[in-house]
Amino acid sequence: MSLAEGVLRGDVRATAKLISLIENQPEAAVADLQELHPHTGNAHVVGITGSPGVGKSTLVDGLAKRWRKEERRVGIIAVDPNSPFSGGALLGDRVRMQDLATDPGVFIRSMGARGRLGGLARATHNVIRVLDSGGKDVILVETVGVGQSEVDIVQTADTVVVGLVPGMGDDIQTIKAGILETADVFAINKADRPNARGLEMELRTLFGWNQEEEEDRWIPPIEMTVATTGAGMDELKEAICDHWDHLKRTGELQHRRRERYEAELQSVVEDYWRKRFFDYWQREGHWERVVEQVLRKETDPFTAAQQLVVPFLDSEVGG
Amino acid sequence: MAEQPIRVLIAKPGLDGHDRGAKVLARALRDAGMEVVYTGLRQTPEQIAATATQEDVHVVGLSCLSGAHLELFPRVVQLLREQGADDIVVLGGGTIPAEDISALRELGVEEVFTPGTSMHEVVEFVRRRVHL
Ligand SMILES: Nc1nc2c(ncn2[C@@H]2O[C@H](COP(=O)(O)OP(=O)(O)OP(=O)(O)O)[C@@H](O)[C@H]2O)c(=O)[nH]1
Ligand SMILES: [Mg+2]
C-alpha cells in the first residue's frame, strides 16, 4: 500500500511518514502527492501569525476545540523558526495544545525551518495537501510573522488571522511589513491587559475602517480575545467562518486558489527544467569548462548561455 | 541540501512538576542540530505515544522524577507497538534506582540515563542510535 492510500484511509502513521518524506526528500514524495491532488480542495486553510508570544498556539488550541465540538476534523501545522547556528529547533507549540494530542479527529505536526528559505513555504503547502486529502475540514497553520518565508507560508492560507497584543507599543511597527496587509481577521489577544481598546483604535485608523462600506468588500474584523480563558474565542471563530463564506460567495476563493496553483506550477516547472539542464551539462565537466572560458574572456556569460540552452533544447533530454 | 535532522520528542510523564532537567536536555539536543518537540509537564502515556506517532520522531526521551517510571515508561513502549510505531526508540531518564534499569530495558526502554550522565553523552548516544 502506498503512503497516499494510507493517507486517504485516514491512517495516522502513513500521514506522518508522508510528511517526513516531504520534509526530507521532496522528490521522493512526488508520486504520493500526484495521487493525493485530486482529493484536495475541501479544507479551509487558516493561517495564524503574529510576533513571538502573542498567544498563537493558545488561540489555535481554542479554535481547534470549537471546531471539534461541531465534529469538524482539524489539522494543525506549527512552524517554528530554527536556531540559526546549529540548524536544530525547539518545537514547543504543542505545550499549549496538550488536550488535543489524543483526539482522533485532530492531527498536529510541528515543523522546523531547516534553513530552507523558499522551500519551507512549498513544504508547508504540500503538508496542507496531505492533511486536506486525508479528510481534515479545517487546517490551522501557526507561524511567527517575522521573515519573508513566514509571509509566503501565510499566503498559502485561505484566511489569515493576525494576532496582536496590547501594551507592546511598537508591535505594529516590528511585525513584518506585509503581514498586516494580508490580515483577513485581527485578533487582539491578551485583551485582559490594559490598552486593548487603544490598539483597536490604532488598527482602525491604520486600515481606514471609516471608509464607507461597499457591498462584498471584506473589511477585516477586529476581535478581542483572552485565549487562556476562552473569552471572545467563539466570536473569533465566527469571524473566521464568515470570511470563508465570503470567499466562497464572491468567487474570491477560486480566484485565490487559481493564483496559488499558478505560482506553484511555475516554481515546479522552473525546478524541473533547472535540474535537467544542469544534469545535462554537468556531465564530463562540461559546465566547469564553460565557466573557465568565461573567466579567461574566451566567451561571455550571454553568449555561453545561448550556446548551452539551444543545444540542450534540441537534445533528447531537453526536447 | 543538508542531511535530514534527527527528530526527538522530550516528554514528561507523571505528576511531578519539575521540567528544568528536561528543558536543559531539549536545548542540548537542539544545539546539536536536532529538531526537538517539547510537550510540557504531566503527559499521559497515551498523549506521548500519539504525539510521537504524529510527529514521526526517531526517539522519545521520557523524563520522570515521581517514581512511577516502572509503570509509565513501558506503557509508552507498549502503546507505540500497538500503533505500529515500534521503530521509535524509547529512552528514559530521571532519578531511577539501579535495580529498575534492567527491568526497564527488558520492557523495551533501550537506555536509561541517570542524573550523573552528561548532556554530551546523551547527544552522542542519540546520534549513534539513530544512524545505526
Ligand atoms: N494573560 C494572557 N496570557 C495569555 C493569553 N493567551 C496566551 N497567553 C499566555 O501567553 C504565553 C504565550 O502563549 P503561546 O500561545 O505559547 O504564544 P505563541 O504566540 O504561540 O508563542 P510562540 O509560538 O513562542 O511565538 C503563554 O504563557 C500563554 O499562557 C491571554 O489571552 N491572556
Ligand atoms: Mg506558538
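View 1. The partner strands here are E1 (residues 44-50) and E6 of chain A, which run parallel and are joined by 4 bridges. Strands count as paired when DSSP finds at least two bridges between them. Helices (H or I, at least four residues) and strands (E, at least two) are DSSP runs, numbered from the N terminus. As a reminder, strands of a sheet pair through backbone hydrogen bonds, either parallel or antiparallel.

A quick note on the ground rules: residues are numbered from 1 along each chain as its sequence is written, and chains are lettered from A and ligands numbered from 1 in the order in which they are written. Because this is a predicted model, local features need pLDDT of at least 70 and side-chain atom pairs count only at pLDDT 80 or more, while totals for chains, interfaces and linings use all residues; side-chain values use heavy atoms, with hydrogens and water left out.

**View 2. Strand E6 of chain A, residue by residue.** 6 of the 6 residues of E6(A) (residues 159-164) are buried, so the strand is largely enclosed by the rest of the structure. Buried means under 20% relative accessible area, exposed over 50%, and partly exposed in between (1.4 Å probe, protein chains only). A:Thr159, A:Val161 and A:Gly163 point one way, A:Val160, A:Val162 and A:Leu164 the other, and all are buried. On to the other partner: E7 (residues 185-188) of chain A runs parallel to E6(A), with 4 bridges joining them. There, A:Gly163 stands opposite A:Ala187.

View 3. Read across, the 7 strands go E4-E2-E5-E1-E6-E7-E8, with parallel pairing. E4 (106-112) and E8 (222-224) of chain A stand at the edges with a single partner strand each, so one side of each is left without a neighbour in the sheet. Neighbouring strands are turned by 20° against each other on average, direction ignored. Helix H10 (residues 233-250) of chain A packs on the sheet and touches E1, E6, E7 and E8, its direction making about 150° with that of E6(A). Contact means heavy atoms within 4.5 Å; axes are lines fitted to C-alpha atoms, for helices over the stretch in contact, and angles run from 0 to 180 degrees between N-to-C directions.

**View 4. The largest cavity.** The whole structure holds 2 cavities of 30 Å³ or more, and the largest has a volume of about 170 Å³. A cavity is a set of points on a 1 Å grid over the protein atoms alone where a 1.4 Å probe fits but cannot get out; lining residues have an atom within 4 Å of a point. Its lining includes A:His125, A:Asp132, A:Arg257 and A:Tyr261. Helix H5 (117-133) and helix H11 (252-282) of chain A each give two or more residues to that lining, and H5(A) has the largest share, 4 residues.

**View 5. The second largest cavity.** About 40 Å³ of space lies here. The lining takes in A:Arg94, A:Met97, A:Gln98 and A:Ala101, plus B:Thr39, B:Gln43 and B:Thr51.

**View 6. Two loop residues with positive phi.** A:Glu71, in the loop between H4 (56-69) and E2 (74-80) of chain A, has a phi near 60°. A:Glu71 is exposed, at 66% relative accessible area. A:Asn195 is not a glycine either, yet its phi is about 80°; A:Asn195 is exposed too, at 57%.

Terms used
1 Å grid on protein atoms, 1.4 Å probe; cavity = no way out; pocket = protein on both sides within 12 Å on 5 of 7 lines; lining within 4 Å. Points joined across faces, edges and corners; volume = space filled by probe spheres on them.
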